[in-house]
Amino acid sequence: MSSSAQDKAKTPETFSDFEVKDAAKNSAGFPALTSVVSQVSKYMNPADAFKIALKLNQKGGFDCPGCAWPDPDDERSILGEYCENGMKAMAEEMQNKTIGEAFFSRYSIEDLANWSDFEIGKSGRLAEPMYLAKGAAHYTPVSWERAFEIVASHLNSLDSPDEAVFYTSGRTTNEAAFLYQLFVREFGTANLPDCSNMCHEASGKALSQTLGIGKGSVTLDDLYKAEVVIVVGQNPGTNHPRMLSALEKCKKNGGKIVSINPLAEAGLVRFTNPQNPLKMITGGTKLTDIHVPITINGDVAFFKALLLKLLEREELRGDGFDKNFIKTYTHGIEAFITDLKRYDFEECLQRSGVSIDVFNAVFDLILKHNKIIVCWAMGLTQHENAVDNIRELVNLLLLKGSIGKEGAGTCPVRGHSNVQGDRTVGIWESAPQSFLDKIEAKYGFKPTTKHGYSVIEAIRAMYNKKAKVFFGLGGNFISAVPDTNYSAQALANCYLTVHVSTKLNRSHLVTGKEALILPCLGRAEKDYQKTGVQVQSVENSMGIVSSTRGILEPCSNKLLSEVAVVCGIAHKTLGKSSKINWLQYREDYNLVRNDIEEVVDGFSHYNKRLKEPSGFYLPNGARERQFNTATSKAQFSINQLPTWELKDQELIMMTIRSHDQFNTTIYGLNDRYRGVYNERRIVFMNKDDIKLRGLRAKQVINLKSHYKGVIRQANHFKVVPYDIPKGCCATYFPETNVLVPLDSFAHTAKTPASKSVIVTVHAI
Ligand SMILES: Nc1nc2c(c(=O)[nH]1)N[C@H]1C(S)=C(S)[C@@H](COP(=O)(O)OP(=O)(O)OC[C@H]3O[C@@H](n4cnc5c(=O)[nH]c(N)nc54)[C@H](O)[C@@H]3O)O[C@H]1N2
Ligand SMILES: Nc1nc2c(c(=O)[nH]1)N[C@H]1C(S)=C(S)[C@@H](COP(=O)(O)OP(=O)(O)OC[C@H]3O[C@@H](n4cnc5c(=O)[nH]c(N)nc54)[C@H](O)[C@@H]3O)O[C@H]1N2
Ligand SMILES: [Mo]
């Protein structure tokens with residue numbers, strides 16, 4: 001019997017050989033090096049590994065696809081801007097094994113769906129285009145020409161361009177992303193959902209409303225010079241390891257570090273810099289001065305408590321606020337204060353789950369210092385009240401005048417290496433009119449002004465058969481999105497699903513009636529075109545645009561670059577009716593950059609400035625205290641205190657990353673920093689919660705989520721006692737995405753609330 005799309009979409013419910021040890025007290029150091037050596041030597045050619053380690057994130061080298069943390073502007077160490085998880089990302093991408101016709105004729109889609117995500121990822125690099133015909137059980141090889149024709153004929157037979165969805169994941173370079181959105185807009189739709197919709201969308205919305213720019217305001221230099229850095233809802237030791245070097249530098253300069261997180265994550269507790277052998281022996285620097293073990297989604301409450309105390313101090317002694325800054329640069333303080341006074345300090349503190357002693361220690365730092373930076377990631381953005389989380393931390397920075405000056409500001413730490421750049425160059429389902437006008441002026445067609453689908457809306461549209469073609473430029477849509485069962489049906493309803501990918505993933509197995517896998521070059525591979533090996537560009541988390549150029553030979557001669565794929569499809573689909581000569585761009589990417597320069601603000605002399613070794617900064621108003629809001633001032637905002645309650649037996653669950661994964665790509669089965677080995681189907685619980693439910697360590701349980709009367713279930717997880725606040729629990733994404741309701745998302749931003757899922761735990 002053939003299995004359903006839902007069955008194929010789920011991760012298999014089987015266990016590996018599981019072991020738990022004490023959670024690590026520090027990060028990096030020797031275990032990090034040994035972990036990389038074992039990873040690299042298993043899957044990658046050692047000479048290539050060495051080449052990569054030396055070129056990774058070096059000036060003139062190539063940009064690590066691991067994360068969006070910036071590289072130092074000044075001298076970089078000889079070992080590259082080395083990082084354990086960066087090397088793991090490379091080892092995964094540059095596996096020496098490839099898969100094509102033989103592999104797919106041996107394994108059917110159904111066979112592959114029974115593999116774990118770890119096994120799927122380790123099968124090798126995709127080496128040739130593959131096609132799944134209607135009703136077929138196996139993918140078979142297809143020529144590039146034919147693949148483009150299949151896509152074009154499906155797109156051209158739709159009743160409306162709005163019946164197609166064009167997803168982007170954040171590894172796509174500026175050049176490929178710009179051409180892709182241009183094609184989509186000329187085709188006639190704005191259906192451009194992207195991974196950002198599930199990631200920092202809430203940050204973009206909150207920051208645009210309050211500070212007039214959807215990006216962070218700080219530079220690396222600011223981090224070095226800050227007096228207080230608050231890291232909230234982020235696990236840099238695993239997800240942005242190079243950020244720890246910046247925090248270490250800040251500390252050396254006398255800065256204090258506060259971590260607000262339900263978990264005492266290893267990298268923030270203590271950190272051993274792998275580039276400093278002496279430190280590896282002596283044990284490294286203690287990074288966090290104050291750890292705040294907050295309840296999941298207790299952040300608005302905690303920030304409100306801080307705001308209330310600052311107000312009290314201002315009223316009593318006149319030293320709580322930066323009155324000059326507020327008067328000159330902000331708008332809306334009166335309404336904000338009036339609203340704040342409605343709240344009770346004790347209630348806020350109680351809802352945050354933080355003790356008064358810890359609170360006072362943090363308050364003391366904030367009161368005494370004026371150069372404050374707040375860094376954050378998914379712990380703030382993946383809640384229904386995510387936009388409020390971020391606006392509330394902006395309120396705090398505004399009261400302190402901690403914006404647009406040295407050592408102060410906002411630092412949303414981005415995920416994918418070019419997710420910020422993709423949005424800058426137009427991957428945006430609701431792009432501003434000014435951008436659309438420039439497209440029209442340059443190319444002579446009128447892009448639709450109707451907003452397109454974001455991720456959640458795209459899933460609904462496919463489920464309801466309003467969208468019939470899904471095209472993914474990178475990423476692993478089915479494993480990344482919420483509500484796996486519903487979303488699997490949505491994809492299965494499509495006539496055609498297409499993925500441009502480097503490696504096999506579950507999205508290739510949960511298909512529409514027909515499907516294509518289009519294999520592309522990875523970041524580290526040389527991109528040979530008519531005018532020579534091409535350079536591309538990316539924008540990091542701090543708005544610096546820099547070049548990236550592959551250094552290894554492609555793993556197969558049948559790969560195309562993402563730029564070439566987009567040009568090929570655009571050319572075939574739009575044909576003679578297009579206003580654009582698509583094929584010229586793939587021969588010379590300088591031409592793409594010339595176009596970006598004309599259409600997108602901040603890219604003047606793009607080709608010339610890209611040659612600067614450290615790249616160039618894009619303009620950032622908030623950094624200069626120029627706020628591009630309706631009032632031209634920074635805007636105080638009014639945010640509600642979330643009032644969710646847990647019923648009897650319920651827990652609030654966050655779905656997080658282990659140390660051995662990059663989003664849906666599973667590098668390995670360990671979470672070394674949290675002391676978990678060889679298993680991913682686990683649930684971290686507080687000891688008291690385990691006892692209360694009559695459970696024991698390692699017991700196998702099922703999880704049920706509860707949302708508006710609908711119950712979703714994920715089976716076979718093992719209980720791991722952990723230092724996590726009572727009432728909270730944690731599991732890994734993507735195994736528990738089946739539990740995340742599609743309808744539970746951030747107001748206005750629509751980021752799935754995958755860090756606040758209400759669940760119950762059931763012994764079996
Ligand atoms: N190696 C590696 N690097 C990566 C990635 C990866 O998967 N692997 N992914 C990349 C991507 S796309 C992204 S977006 C980033 C993700 O980087 P992170 O946001 O650091 O990733 P998560 O594992 O989702 O971790 C969220 C953190 O927030 C905490 N948290 C959860 N809920 C709450 C809450 O309600 N309040 C507070 N204060 N804290 C909370 C969790 O305990 C955890 O420490 O990393 C990027 N870099
Ligand atoms: N429950 C839960 N769900 C989440 C999250 C969470 O914290 N909890 N986090 C969310 C976040 S922050 C994000 S960003 C999304 C991530 O969502 P996605 O970006 O869609 O997922 P990835 O796992 O990063 O995509 C991995 C795939 O990208 C392909 N790939 C890798 N490199 C390249 C390349 O250079 N080019 C091309 N074309 N393809 C490439 C490979 O085939 C690989 O299998 O997931 C979201 N989903
Ligand atoms: Mo992300």
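This is a predicted model: local features need pLDDT of at least 70, side-chain atom pairs count only at pLDDT 80 or more; totals for chains, interfaces and linings use all residues.
Residues are numbered from 1 along each chain as its sequence is written, and side-chain values use heavy atoms, with hydrogens and water left out.

**Cysteines**
- A search of the whole structure turns up 0 disulfides, a disulfide being a pair of cysteine sulfur atoms within 2.5 Å.
- Cys411 has its closest cysteine sulfur in Cys375, but at 3.8 Å that is too far for a bond.
- Cys555 isn't in a disulfide either: the nearest cysteine sulfur belongs to Cys520 and sits 9.8 Å away.
- Cys411 counts as buried at 3% relative accessibility, whereas Cys555 is partly exposed at 27% relative accessible area.
- Here, buried means under 20% relative accessible area, exposed means over 50%, and partly exposed is in between (1.4 Å probe, protein chains only).

**Helix H19**
- H19 spans residues 345-352, and Phe345, Cys348, Leu349 and Ser352 are its buried residues. Helices (H or I, at least four residues) and strands (E, at least two) are DSSP runs, numbered from the N terminus.
- Looking down the axis of H19, the buried residues fall within an arc of 95 degrees, so they line one face of the helix. The arc is taken from the directions from the helix axis to the C-beta atoms.
- Glu346 and Gln350, on the other side of H19, are exposed.
- The cover over the buried residues of H19 includes helix H16 (299-317) and helix H20 (356-368), with contact meaning heavy atoms within 4.5 Å.

**Annotated domain**
- An unreviewed UniProt entry lists residues 651-757 as "domain: Molybdopterin dinucleotide-binding". UniProt positions follow the numbering used here, feature names are shortened, and annotations may be inferred rather than shown by experiment.
- Over residues 651-757, the chain is 6% helix and 39% strand, with the end C-alpha atoms 8 Å apart.

**Largest pocket**
- The largest pocket has a volume of about 1100 Å³. A pocket is an open set of points on a 1 Å grid over the protein atoms alone, where a 1.4 Å probe fits, with protein on both sides within 12 Å along at least five of seven lines; lining residues have an atom within 4 Å of a point.
- Of the 34 lining residues, Ile213, Gly214, Lys215, Trp428 and Pro432 lie nearest the centre of the largest pocket.
- H10 (201-211), H23 (419-424) and H24 (433-443) each supply at least two lining residues, and H10 gives the most, with 6.

Methods
Chains are lettered from A and ligands numbered from 1 in the order in which they are written. Grid points are joined across faces, edges and corners, and a volume is the space filled by probe spheres set on the points.
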